Structures are given as C-alpha cells and as structure tokens.
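Hi,

Here is the structure I promised you. Have a look at it first, and then read on for what turned up.

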Amino acid sequence: MTGTLYGVGVGPGDPELLTLKAARLLAAVPVVAYPAPLEGCGMARTIAAAHIPAGRTEIAIRMGFTADRAGTEAAYDRGAAAIAIHLEQGRDVALLCEGDPLLFGSFIYVLARLGERFPVVVVPGVTSPLAAAAALQFPLAAWNDRVAVIPASRSEAEIEALLAAVDAAAIMKVGRHLPKLRRILGRLGLDGHYIERVGLPDQRILSLEAAEAGGAPYFSIILVHRRGKAWL
Ligand SMILES: C[S@@+](CC[C@H](N)C(=O)[O-])C[C@H]1O[C@@H](n2cnc3c(N)ncnc32)[C@H](O)[C@@H]1O
C-alpha cells in the first residue's frame, strides 16, 4: 500500500481561514511538505504552523522564487523525489499550499510529477482574490458579470485587452508590475482597489499611488470592476 498525497490549501494568511478538513488532515499525516525560500519556512508553513504537531517529518521544497525556470524545475524534481520516498513506504504526505492548491499553487508541479504514481486528494483552500474581496468588501461579480484572473506578469497590451473584455478582474502577482498596471487602468478609466498581505498582521489597503510609492510586495492584489460597484 502506498501513501496518499494530499494537496492542502491553507488559505491566504489568516490561520482561521484554514478549513476543518485541512486541520484534521494535518493532525493526522506523518509527513508535511511545503514550498520554502532558501532560508526560513515560507508562507504556507507559517500559516499552518498551529496545526502541525511537533515531531512530524517535514520536507521543505527550497527554491529561489526567481525567474530561473530550470532552477525551479530542479527544486520540484528534488521535492517530488523526497515526497515519493515516503509515499512508496505507505506514509501519507500533506503538501501545504498557500491559498488554494490549484490556483497558481506549487502543488500543481508536484501533482504533475507524482499524480500518476500515487493516490491524490486535493483539499481546496480560500484563495487570495476572494480573501481580498472579503477584506475590501468588494463584490467581484453580480448578475452575469464576466470575471478575469490576470497575472500582472503578462504584457501591458495583453492585460489591457483582457481588462477591456471583462466586467471585473482580480490582478495577481502585482509587486513590481504596479507602474504598468496603473498606466493600463488610467487608460481604461478603471479604479483599482489594492490590498497587500491579506489576512496577515501587516495587511494594508492602499491607494494605487501610495502602494507604488512604497513599493508593492509580491503578495498583493488589485480588484477592478467596470461599474465601480458590482451591484450598480
Ligand atoms: C503563486 S500565487 C499563489 C496564489 C494562491 N495559490 C491562492 O490561491 O491565492 C501568489 C499570488 O497570490 C496573491 N496572494 C496570495 N496570498 C496573498 C495575500 N495574503 N495577500 C495578497 N495577495 C496574495 C498575490 O497576488 C501573489 O502574487
């Protein structure tokens, strides 16, 4: 009998947004894996900390979180290999994922490597665009609105065309792309609602101007609605 790989969403930051199912699984599995920077334990492990009993085997999948695609792929190869050893020996492994595992989640790359060899269960998590909508009290969609989820790393022309084609959008991975996003929103006459580090003790809601002046972090999101308010 092999173990099961659990892809566990831990939500965007507030530990109370972890699901009951995630908490139950974390109390039960013998091995916990998570993506992590080269030093420290990373966002997902920090969010779930209170639910990981002492003495669990832990696998930190360390990577530089840079544009170095080859380095990132190699990190996932190493992480998947380390996880596979436990699964082969019948031990269940929970791979923690910040937010939801299947929306820009690291779990996707481990699923691609191990999904055909081992049983897999995915536990959805509260995803950051919806946690941002809650914190901003900003309805994303009403009636028959079209909503786009747009990574800010796409080109200026592409983001502008996407925003022009929908009613609302969640723009993720804002960080250093904020000046480009402000140009686009200005041209389209759209108001962007900015929030960073949702659910964490240092969460901030700022104007786009103030966010750009301070240097937006990677963990930031802009929500936009063509009508200003979804209910109008
Ligand atoms: C690699 S994606 C991970 C998304 C995650 N799987 C989810 O479901 O939310 C990282 C991006 O998600 C957004 N994000 C995740 N957590 C966030 C938070 N606590 N506050 C603001 N943005 C967050 C940011 O746009 C960040 O650049």
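The ligand sits in the largest pocket. A pocket here is an open set of points on a 1 Å grid over the protein atoms alone, with protein on both sides within 12 Å along at least five of seven lines, and "sits in" says that more than half of the molecule's atoms lie within 2 Å of its grid points.

Please note that this is a predicted model, where local features need pLDDT of at least 70 and side-chain atom pairs pLDDT 80 or more, while totals for chains, interfaces and linings use all residues. Residues are numbered from 1 along each chain as its sequence is written, and side-chain values use heavy atoms, without hydrogens and water.

Around the ligand are 16 residues (a heavy atom within 4 Å), with Pro-12, Glu-98, Thr-127, Ser-128 and Tyr-218 the closest. Polar contacts (N or O pairs within 3.5 Å) include a ligand oxygen 2.6 Å from a side-chain N or O atom of Ser-128. Another pairs a ligand oxygen with a backbone N or O atom of Tyr-218 at 2.7 Å.

Elsewhere, Glu-73 and Arg-113 form a salt bridge at 2.5 Å, N to O (a Lys or Arg side-chain nitrogen within 4 Å of an Asp or Glu carboxyl oxygen). The count of salt bridges comes to 14.

Best wishes

Notes
A polar contact is a pair of N or O atoms within 3.5 Å; within protein, one must be able to donate a hydrogen and the other to accept it, and residues adjacent in sequence count only if both atoms are side-chain atoms. On a 1 Å grid over the protein atoms alone, a cavity is a set of points where a 1.4 Å probe fits but cannot get out, and a pocket is an open set with protein on both sides within 12 Å along at least five of seven lines; lining residues have an atom within 4 Å of a point.
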